[in-house]
Amino acid sequence: MSLLARISEGLRAILLQKREDAERDEELHTHLEMQIAENMRRGMSPDEATRQAKLQFGSVERIREEVREARGVSRLEDLAGDVRYALRALRRNPGFTTVALLTLALGIGANTAMFSIVNGVVLRPLPYAEPERLVRLHQANPKVGELEGRVSYQDLSDYKARARSFEAMAGYANVPTILTGQGDPVEIEFAYVTREFFSLLGVQPLQGRVLLDEDHRTAVPNAVISESLWRTYLSADPRIIGNRILLRGEPYTVAGIMPVRMRYPTPETAVWVPHSLVRPNQFANGMPQRKDRYLQAIGRVTPGTSAEQAQQELTTIAQDLAVTHPESNADWNATTVVPLQTSIVGDVDKALLIVLGVVGFILLIGCANLANLLLARGTARRREIAIRMSIGAGRKRIVRQLLTESIVLALLGGILGLVLSYWGVRAVLALSADTLPRIEDVHVDARVIAFTLALATITGVLFGLIPALRTAATNPQSDLRGGRGTVGTDGQGVRNALVVAEVALAVLLVVGAGLMTRSFLALRNVNAGFDPDRVLTVAMQLNHAGVPEDQTAQYLVRRRQEYVTALRELPGVTSAGAINVFPLANDFAFSMEYKAARPDIDTRVNADTRYVDPGYFRTMGIALLRGDTMPNTWPDGAPVPAFLSQSAAKQLFPNDEPIGQRISVPWGESIVTGVVADVRQIGIAQAPEPAIYFPHFIAPRLLATIVVRTSGNPNALINPVRQAIRSIDPNQPIRSIVPLQTVMAESIAEDRFFTVLFAIFGGLALLLAAVGIYGVLAYTVRQRTQEIGVRIAMGANTLDVVRMVGGAGMKLVAIGIVIGTVGALLLTRVLASQLYGISATDPFAFAGGLAFLALVACVATCVPAYAATRVPPMIALRPD
Amino acid sequence: MADQSELLQGTLELLVLKTLSLEPMHGWGISQRIHQMSREVLLVTQGSLYPALQRMKTRGLIRSEWQTTVNNRRARYYMLTKAGEKELAKERSRWERSSSAINWVLAVGGAQ
């Protein structure tokens, strides 16, 4: 029979099911009557004839069942029946159903929430055209260890002209600015972008147009603005296209509005202007040169080209350029090309995947608990099952029925979990304190729903299979006879194995949480090179609106000095200083290459370059190791004083006294007048990089962070500081006024986030495991009540009983701990990259985690053990 | 119900086909007929007969229709289809081959 015919027969059977069943019953009935007639014909009495016929006939129910099976369509019908039956069974047992649903909703909800986040941050493609072909490209200087450097406009043009693996390349430089003319001035970010920037990303404007070729050819100040700028600060003015906005008092004509999904280079970028507007006076020699690496770059590779292939080709070109332009490119002879998504998401994906694994483990522990519950319940349901079997249900049928029940349960739990995950995601994102990239892409989509349903189904099979098999393996006869029978050791092995497994899993998570906590504490205790107590930081961009361009430099120097002086004179302030880019806040940090101005030393050092005033080191508590304090002025024409960090001094002048040495700088030569302690500028977890500090008056900077050291609580000075700055320039926007301790805490917010997640999930795992241990022991005590009663009657004392019950429990816990510890030794390795200052097998974290777990397990064991001692001896004599 | 030789599924189908090749028959008739033809050795239980009938119907070897018996009772009669006749011929030759093989094996064993 062809497949088609089979299907049509199947369909017919479903459609005609009622009639079919009726006819089948009639047929069987007829058969029975014929048999009775035959028996009577052989001389039996009518009663005897009926009895014999029925005996011979067997179970009508079973025949019906098997015929339906033979029809091949029974599965679908059975499924509907099974689901109905399952729902009835779950309703009949509300206590079990509530506990199970709660466990499942929590377990699956946690997984759905974490998966939503992983999906949004890691899995969803970037919201740009063919995002898999977008890459970030860096010029690299392997000699000084700079692998992700910027490029100059000239180098980028050469790459673009020569590389065949790229369809397009674009450079950009994002800088802070101030939006003026719209109420209070506000700090915003804007980006100079080169010609192909918008077409490369392929984002269409919400209104108006993107920047076109003629914008890039001329220096007409046209700008594209972000939707959020338009809505927040320009009151969504519908006539904004063609109108002007003021940035630091200078007019830009709005050419278009980009939709919210355009978040490149940063989500905060509010204005994009053509690269042709880059100011010549921002560079030492007027126009930007090949040595001025100030652009970041992106590219679109040709279809089928990998980032590695693109990098190979670009590096070949970089090596060429190093030969043809040795004065600027000698050591910049390599490139780094990474997928744009990788560059945006960074290494957070690894940590997120680990957490996803962690919640997976929690669900497994939950599964073990549910399996144990089901096993216990299966014992209670034996009679029901036995009855079903004796009226004709096969074992397979029972297993299928029980599995359907657990899958229905899991799916219901999954739906609840999906609902719970809505709050779960919000809670996790709130906890993440803005440290996760792309959270705007986190929401429930088809993939999340599919994940949840698939996970729920797998979960249902996982916790339902073993109990279903065991329950169906029941022997109908002995179960129908009833009674307690022998001591309930039946299934004890499986139950014990499940407890051991969940203890082992809990060990993994608790040890993981211990490692993360230890690492976080180590991070908090790092000496960053400065003294963070009682320091207030004031971050801003200096406002110079209305100051003629040729006077801007002096204006900025003076203004910064005025602010520092004003703050220093506030009561409660012991000292004040300023730096252009504050440590740990590195959006606009930049480094340059330096070399001793001596023919005998050829070492080049790429040093983090910052501009400070004389009060900075003292206020921050950065130790001056050698030399003098920084001067406030300097004679014209004399070499500019430079302060080296200890490691920069060591690298530049390994064998000499650094004070008095000269180093080559873009404006000629500088003289080393001081050496200060290393500071962890990039991040608390990162080893300090070589740094060089110049006095702020040699290169006036728009960015300024003023630091004040206070004699009391720095928070008390927030308002006085704000007022002091307002009284000097009421239009001066202030980005933030926060204590240095807060800056430090924010810089490790991501570590705190993952540590807290681990602690929460470790705790949850522990709780679930404790519930599991308790459940199994309590069940054992219930089953052995009679035996315990006998023992007590025979003179066993409290201690003996506790030892008997508790000993069994602690044995399981001990086995679980051993297995879990071995697993943890193997598995915590994946945590290694997330840890700071301790190894992945840190003995303190292991010992602490295990001790805590053992304590909780002990409590979970003692409660049922104690309950066992309360068993009245009389129970031994009582019948069921 | 004496102890009954378990009928292999394929064997049962062969017997049903053979029975139905004589004349269309209802379920009880089939089991009776097999019982008689096997000189009361084989007893087909309803539990295996009806599922087998359903399987054969699904495979298109037999079809059924409601008819009236000689005793004026309504019963479902089964009859062979063309495919059923072919199947019978095929199964019979296969049975003969394998049963002669089995007999041969048994004979060899008996000669030991």
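In the predicted model, chain B holds an open sheet of 3 strands, in the order E1-E3-E2, with antiparallel pairing. Strands pair here if DSSP finds at least two bridges between them. Helices (H or I, at least four residues) and strands (E, at least two) are DSSP runs, numbered from the N terminus. The edge strands of the sheet are strand E1 (25-26) and strand E2 (62-68) of chain B, each pairing on one side only. E2(B) pairs with strand E3 (residues 74-80) of chain B over 7 bridges, in the antiparallel sense. Within this pair, B:Trp66 stands opposite B:Arg76 in E3(B).

Residues are numbered from 1 along each chain as its sequence is written, and chains are lettered from A and ligands numbered from 1 in the order in which they are written. As this is a predicted model, local features need pLDDT of at least 70 and side-chain atom pairs count only at pLDDT 80 or more, while totals for chains, interfaces and linings use all residues.

In chain A, strand E21 (residues 703-710) is largely enclosed by the rest of the structure, because 8 of its 8 residues are buried. A residue is buried if 20 or more other C-beta atoms, placed from the backbone, lie within 10 Å of its own. Both faces of E21(A) are covered. One side carries A:Leu703, A:Thr705, A:Val707 and A:Arg709; the other carries A:Ala704, A:Ile706, A:Val708 and A:Thr710. Strand E12 (residues 535-541) of chain A pairs with E21(A) over 7 antiparallel bridges. There, A:Gln541 has A:Leu703 as its bridge partner. Strand E13 (residues 573-579) of chain A also runs antiparallel to E21(A), joined by 6 bridges. A:Ile579 is bridged to A:Thr705.

Two helices of chain A also meet. The axes of helix H20 (residues 552-568) and helix H23 (residues 718-728) come within 10 Å and cross at roughly 140°. A:Glu562, A:Tyr563, A:Ala566 and A:Leu567 in H20(A) meet A:Val721, A:Ala724, A:Ile725 and A:Ile728 in H23(A). These contact residues divide into 7 nonpolar, no polar and 1 charged. Ala, Val, Leu, Ile, Met, Phe, Trp, Tyr, Cys and Pro count as nonpolar, Asp, Glu, Lys and Arg as charged, and the others, Gly among them, as polar.

Between the chains, 19 residues of chain A are in contact with 16 residues of chain B. Contact requires C-beta atoms, placed from the backbone, within 7 Å. Helix H2 (17-41), helix H3 (46-57) and helix H4 (60-71) of chain A each supply at least two residues of the side that touches chain B. H4(A) gives the largest share, 7 residues. This side of chain A divides into 6 nonpolar, 6 polar and 7 charged residues.

Technical notes:
A residue is buried if 20 or more other C-beta atoms lie within 10 Å of its own, exposed if 12 or fewer, and partly exposed in between; C-beta atoms are placed from the backbone. Axes are lines fitted to C-alpha atoms, for helices over the stretch in contact, and angles run from 0 to 180 degrees between N-to-C directions. Two residues are in contact if their C-beta atoms, placed from the backbone, lie within 7 Å.
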